[in-house]
Amino acid sequence: MEKEKMIMRKLKEREAGINQCLKGRMKVRVITKVINNRTLEGYVLEVEDENFHPVVYEEKKWEDMTDQEVAELLYQFRMNNSIHENYSLLFNPKASTEEIRSKIRPMLMSEDRVNELETQGIITDQKESFTVLYVVFVPEDGKEGVDISIRLTSALLSYYKLKREEIERIAFDQIEKEVVIESVSPKVGKLYGRGYGSSALLCDSVKKEIQERFGEGCCLLPVSIDITIILSNDFAKQTEFLKILAKSISLSIDECNQLSQIPYVLKGGRLKAL
């Protein structure tokens with residue numbers, strides 16, 4: 001009984017320390033949950049005027065992290081996610097570096113949403129007129145085989161002990177292995193993958209295969225973060241039609257998944273906006 005009281009006292013001290021570091025930006029409640037006969041610490045993330053409160057569980061107590069480090073990690077995680085529902089995630093520091101690397105993917109961001117990233121600590125790169133950010137897939141607690149993607153931030157990089165300069169290569173190596181180029185008809189195809197398939201447009205080997213199958217000067221409509229429509233080079237001169245088509249398809253997609261209403265032409269392995 002005394003041991004339980006001591007544990008709860010320490011948890012309350014941890015909660016107070018984290019909230020002090022957050023300075024009103026967000027509120028954290030520390031809870032416990034028994035999973036497989038192990039007691040885990042959980043952090044309930046509460047933002048004013050939001051009616052969903054995700055929970056982040058750790059495989060072991062974050063005793064080696066300061067209150068400030070935990071506060072910044074949780075704040076960046078909470079504010080950089082676009083999932084507006086209750087869920088709980090299980091962070092696993094015992095996962096090997098290779099396992100973490102295998103869960104990182106690139107994601108393209110539409111230009112009108114880039115400003116969202118500037119003050120949030122999100123890792124980004126600029127490639128061929130696209131803004132690229134990176135996500136890591138983390139398992140949702142209690143749902144086997146279900147992963148939620150979390151945008152990589154400077155705090156998460158530090159948590160996973162990853163180097164900034166290696167993220168781009170790791171992410172694009174993974175998406176390159178998974179992407180599918182499917183022919184819908186001789187002149188129409190689509191590019192997709194395990195989430196955020198359109199980012200594969202920035203892989204040289206993928207662009208080469210698209211050109212070989214649909215011709216030099218073929219057209220690409222990256223209408224969503226997941227799927228890009230491919231049209232053969234027969235459509236290259238129909239600029240106005242392509243613009244109308246790209247806009248029409250884009251507007252039929254959920255706003256959070258929209259990417260671009262601009263058609264591109266692929267020549268010599270380079271993307272050029274029409």
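Predicted model: local features only at pLDDT ≥ 70, side-chain atom pairs only at ≥ 80, totals over all residues.

Modeller: As an overview, the chain has 274 residues, 49% of them counted as buried, and its secondary structure comes to seven helices and 14 strands.

Colleague: Let's start with R105. What makes R105 count as buried?

Modeller: Its relative accessibility is 3%, and the cut-off for buried is under 20%, so R105 falls on the buried side. The residue is part of strand β5, residues 104–109.

Colleague: Which residues is R105 in contact with, leaving aside neighbours within four places in sequence?

Modeller: L133, Y134, V135, F137, A171, Q174, I175, E178 and R194. With E178 there is also a side-chain to side-chain polar contact of 2.5 Å.

Colleague: What makes that R105–E178 pair a polar contact?

Modeller: The limit for such a pair of N or O atoms is 3.5 Å, and the distance here is 2.5 Å, so the pair qualifies.

Colleague: How do you know that the length of helix α5 agrees with its twelve residues?

Modeller: Helix α5 covers residues 167–178, and at 1.5 Å a residue it should span 16 Å. The expected span takes one less than the number of residues. The C-alpha atoms at its ends are 17 Å apart, which agrees.

Colleague: And which residues in α5 are buried?

Modeller: I167, I170, A171, F172, Q174 and I175. In general, an α-helix has 3.6 residues a turn, so residues three or four places apart point the same way.

Colleague: On to the sheet with β9 and β14. Why do you say that β9 and β14 stand at the edges?

Modeller: The order is β9-β10-β12-β11-β13-β14, an open sheet of six strands with antiparallel pairing. Strands β9 (180–185) and β14 (270–273) each have a single partner strand, so one side of each is left without a neighbour in the sheet. On average, neighbouring strands are turned by 30 degrees against each other, direction ignored.

Colleague: How do you know that β13 and β14 pair?

Modeller: Pairing takes at least two bridges, and four join β13 (residues 264–267) to β14, so the two strands count as paired, running antiparallel. K267 stands opposite R270 in β14. Elsewhere on this sheet, helix α7 (residues 239–251) packs against it, touching β11 (218–221) and β12 (227–231), and its direction makes about 30 degrees with that of β11.

Colleague: Which residues have the most contacts inside the largest nonpolar core?

Modeller: V28 and I210, in a core of 65 residues. Strand β7 (residues 130–139) gives the largest share of this core, eight residues. Not counting residues up to four places away in sequence, I210 touches I181, L201, G215, C218, L220, I230 and L266. There is also a second, separate core of eight residues, including C219, I229, L231 and A246.

Colleague: Last one: what makes K23 exposed?

Modeller: The relative accessible area of K23 is 72%, and exposed means over 50%, so the label holds. K23 lies in the loop between α1 (2–22) and β1 (27–35). Most residues other than glycine have a negative phi. K23, though not a glycine, has a positive phi of about 55 degrees. E128 is not a glycine either, and has a positive phi of about 50 degrees; E128 lies in the loop between β6 (124–127) and β7.

Terms used
Residues numbered from 1 in each chain as written. Heavy atoms only, no water. Axes fitted to C-alpha atoms, helices over the stretch in contact; angles between N-to-C directions. Contact = heavy atoms within 4.5 Å. Core = buried A, V, L, I, M, F, W, Y, C linked by side-chain atoms within 4.5 Å. Buried < 20%, exposed > 50% of the residue type's maximum accessible area, 1.4 Å probe, protein only. Polar contact = N/O pair within 3.5 Å; in protein donor to acceptor, adjacent residues only side chain to side chain.
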